[in-house]
Amino acid sequence: MGRRWHDGAGTLTVHGAGGAVAVPLEVAASYRARTRGLLGRDTVDGAMLLTPAGSVHTFRMRFPIDVAYLDRHLTVIAVRTMVPGRLGLPRPRSRHVLEAGAGAMAGWGVGVGVRVSVSVSAVPTDRSGRCAGS
């Protein structure tokens, strides 16, 4: 797709058989944001997109997460639930990784073969929703 995202807030839309589901999204595109990910948090509101990414780990995580590996067209190629302290296997075709609280993705209809879309805010924001650099 050639698109390059920036850290910030957005919306994930899951295009499933039951229609479209919109989910709050946090995009982690910088090296710093990707390495921090969900570490140190007790929960996640919606989902987090790590891009680019081909694998994840849950060392130092406080809660189990659902992990969806996406190809370059934002089609789900694998979904796993990971408990804290695990290393996920790298997925060769994965270009992005979507993370959410354990069980959330099933409720949204995320599964292998499902396509998702991402819309992001025009202005990059930090974790609190304020404009980055402010």
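Which helix gives the largest share of the lining of the second largest pocket? Point 5 takes this up.

1. **What the model is.** This is a predicted model: local features need pLDDT of at least 70, side-chain atom pairs count only at pLDDT 80 or more, and totals for chains, interfaces and linings use all residues. Residues are numbered from 1 along each chain as its sequence is written, and side-chain values use heavy atoms, with hydrogens and water left out.

2. **Confidence.** pLDDT is the predictor's confidence in each residue, from 0 to 100. Its mean over the protein is 88. A value of 70 or more is reached by 88% of the residues. Residues 129–134 stay under 50. For that stretch the model has eight contacts beyond four places in sequence, a contact being heavy atoms within 4.5 Å. Where pLDDT is low, the predicted coordinates should not be read in detail.

3. **Overall layout.** The protein has two helices and seven strands. Helices (H or I, at least four residues) and strands (E, at least two) are DSSP runs, numbered from the N terminus. In order from the N terminus, the elements read β-β-α-β-β-β-β-α-β. Of the 134 residues, 40% count as buried. Buried means under 20% relative accessible area, exposed means over 50%, and partly exposed lies in between (1.4 Å probe, protein chains only). Among contacts with a separation of 6 or more, 58% join residues 24 or more positions apart.

4. Asp-7 sits in the segment before β1 (8–16). Asp-7 counts as partly exposed because its relative accessible area is 24%. Its C-alpha atom is 4.9 Å from that of Ala-28, 21 residues away along the chain. A polar atom of the Asp-7 side chain lies 2.6 Å from the backbone nitrogen of Ala-29. The Asp-7 side chain also makes a polar contact with the side chain of Ser-30, at 2.6 Å. A polar contact is a pair of N or O atoms within 3.5 Å; within protein, one must be able to donate a hydrogen and the other to accept it, and residues adjacent in sequence count only if both atoms are side-chain atoms.

5. **The second largest pocket.** Helix α1 (residues 31–36) gives the largest share of the lining, three residues. The lining has 13 residues, and those nearest the centre are Arg-34, Thr-35, Leu-50, Val-56 and His-57. By class, the lining holds six nonpolar, four polar and three charged residues. Ala, Val, Leu, Ile, Met, Phe, Trp, Tyr, Cys and Pro count as nonpolar, Asp, Glu, Lys and Arg as charged, and the others, Gly among them, as polar. The pocket holds about 190 Å³ of space. On a 1 Å grid over the protein atoms alone, a pocket is an open set of points where a 1.4 Å probe fits, with protein on both sides within 12 Å along at least five of seven lines; lining residues have an atom within 4 Å of a point. Grid points are joined across faces, edges and corners, and the volume is the space filled by probe spheres set on them.

6. Thr-11 is partly exposed, at 29% relative accessibility, whereas Thr-13 is buried, at 19%. Beyond four places in sequence, Thr-11 touches Ala-22, Val-23, Leu-25, Ser-117, Val-118 and Ser-119. Thr-13, counted likewise, contacts Ala-20, Val-21, Ala-22, Arg-115, Val-116 and Ser-117. The C-alpha atoms of Thr-11 and Pro-24 are 4.9 Å apart. Thr-13 and Ser-119 are 106 residues apart in sequence, with 8.1 Å between their C-alpha atoms.

7. **The loop between β3 (47–50) and β4.** Pro-52 lies in this loop. A cis peptide bond joins Thr-51 to Pro-52, with omega at about -10°. Arg-60 is not a glycine, yet has a positive phi of about 65°. Arg-60 is exposed because its relative accessible area is 67%.

8. Leu-74 has a positive phi of about 65° although it is not a glycine. Leu-74 is buried, at 5% relative accessible area. Thr-75 is buried at 19%. Apart from neighbours within four places in sequence, Thr-75 contacts Tyr-69, Leu-70, Gly-113, Val-114 and Arg-115.
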